[in-house]
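Happy to walk through this one with you. Have a look at the model below, and then we can take a few questions in turn.

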Amino acid sequence: MQSEKFIEALLEKTKQILKEAEKLKTYDLNVLTWKEDEISWNILECLEHLNRYGNFYLPEIEKKIKNSDCKAEIDFKSGFFGSYFAKSMLPKEKLNKMKTFKDKNPLNENLDKTVIDQFINQQYKLLNLLQQSRNVSLNKVKIKISISRLITLKLGDTFEFFINHIIRHLKQIEKIQLAAKNTLTL
């Protein structure tokens, strides 16, 4: 795929994510903290989970872009593992549950609306990094993944994985909103 088209598609997805996040700022705290049961996440916990991944990946990506001397290529070709990880994050019709690492699990933490602000700030950072990535190789710049410092993904695959992970949890948030709407008297 052409690198420029790939980056443009990711920029559009991120802008859409920002729109969704801005809407969440208008929600009452009762809606943001409503949960179906004690082992389910609420909306703020979903966002906090994403913030924790952002706290890992965004500085990693920024550092690699800043220190790269690999020039951008016309085409980006997804790697085997990168493609697999990115696709595995996409939400299915029936949201498939995945085990979350303990350090990324915010279950039952006392969270407030600042979680939304942090998430929005991370999306602006992501937009900036996507813009910067136009000047480096999406193929040759490698990013360590959060579950193992030994495994690296291409920069392009890392962006796609990261954004798909966000989209996955925004779908989860949609389902929480629907269930909350049917339960709470709004």
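**Buried residues and the nonpolar core**

Q: Is Ala21 buried or exposed?
A: This is a predicted model, so the answer rests on computed values. Ala21 sits in helix 1, and its relative accessible area is 1%. Buried means under 20%, so Ala21 counts as buried.

Q: Which residues does Ala21 touch, not counting residues up to four places away in sequence?
A: Let's stay with Ala21, which is found in helix 1. Once residues up to four places away in sequence are set aside, Ala21 touches Ile116, Phe119 and Ile120.

Q: How far apart in space are Ala21 and Asn67, C-alpha to C-alpha?
A: In sequence, 46 residues separate Ala21 and Asn67. In space, their C-alpha to C-alpha separation is 31 Å.

Q: Is Glu60 buried or exposed?
A: Glu60 belongs to helix 3. Leaving aside neighbours within four places in sequence, Glu60 is in contact with Ile143, Lys144 and Arg149. Its relative accessibility is 8%, and the cut-off for buried is under 20%, so Glu60 is buried.

Q: Which residues touch the most other members of the largest nonpolar core?
A: This core holds 52 residues. Among the elements giving two or more residues to it are helix 3 (43–66), strand 1 (142–145) and helix 6 (155–183). The members that touch the most others are Leu47, Tyr57, Leu155 and Phe159.

Q: Which residues is Tyr57 in contact with, leaving aside its neighbours within four places in sequence?
A: Tyr57 is one of the core members that touch the most others. With those sequence neighbours left out, its contacts are Ile143, Lys144, Ile145, Ser146, Thr158, Phe161 and Phe162.

Key. Residues numbered from 1 in each chain as written. Predicted model: local features only at pLDDT ≥ 70, side-chain atom pairs only at ≥ 80, totals over all residues. Heavy atoms only, no water. Core = buried A, V, L, I, M, F, W, Y, C linked by side-chain atoms within 4.5 Å. Buried < 20%, exposed > 50% of the residue type's maximum accessible area, 1.4 Å probe, protein only. Helix = DSSP H or I, 4+ residues; strand = E, 2+ residues; numbered from the N terminus. Contact = heavy atoms within 4.5 Å.
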